[in-house]
Amino acid sequence: MIDPLTGVVVVAAVGAATAFVSDRILRRRKRAFRDRYGTYDGFRTRVDADEVRAVRDARGEVAAVKAVRDRHPFASLAHAHRYVKEL
């Protein structure tokens, strides 16, 4: 059995490592988005609005956001959601 102090130390170490890795992944994703599209406006010009509208009208906004993210994997959930809302 693990004593409470050891448990706390292990949980803290795992949490810190997870936070570090998550931050690096997020920074890479943001850099990839910036390299590929430049800005949100550059991203908007690359998305097929007719396709996204068709998905939104047939299956709803959540499916449309998923379709945007499937086609443009470097787009964040916030960018995809904003795009669908602006259609």
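1. Starting with burial: 22% of the 87 residues in the protein chain are buried. Keep in mind that this is a predicted model.

2. On the fold, the protein chain has five helices and zero strands. Reading from the N terminus, that gives α-α-α-α-α. The radius of gyration comes out at 19 Å, well over the 12 Å from the globule rule for 87 residues, so the chain is more spread out than a compact globule. Along the principal axes, the C-alpha atoms fill a box of roughly 60 × 30 × 15 Å.

3. Which residues touch the most other members of the largest nonpolar core? They are Phe-43, Val-47, Val-52, Val-68, Tyr-83 and Val-84, out of 16 residues in that core. Helix 1 (4–37), helix 2 (40–46), helix 3 (49–59), helix 4 (61–71) and helix 5 (77–86) each give two or more residues to this core. Helix 4 supplies the largest share, with five residues.

4. Val-47 is worth a click in the viewer. Leaving out residues up to four places away in sequence, Val-47 touches Val-52, Val-68, His-72 and Tyr-83.

5. For the chain as a whole, take the contacts between residues at least 6 apart in sequence: 56% of these join residues at least 24 apart.

Definitions and conventions:
Residues are numbered from 1 along each chain as its sequence is written. This is a predicted model: local features need pLDDT of at least 70, side-chain atom pairs count only at pLDDT 80 or more; totals for chains, interfaces and linings use all residues. Side-chain values use heavy atoms; hydrogens and water are left out. Helices (H or I, at least four residues) and strands (E, at least two) are DSSP runs, numbered from the N terminus. The radius of gyration is taken over C-alpha atoms; the globule rule is 2.2 Å times the number of residues to the power 0.38. Buried means under 20% relative accessible area, exposed over 50%, partly exposed in between (1.4 Å probe, protein chains only). Contact means heavy atoms within 4.5 Å. A nonpolar core is a set of buried Ala, Val, Leu, Ile, Met, Phe, Trp, Tyr and Cys residues joined through side-chain atoms within 4.5 Å.
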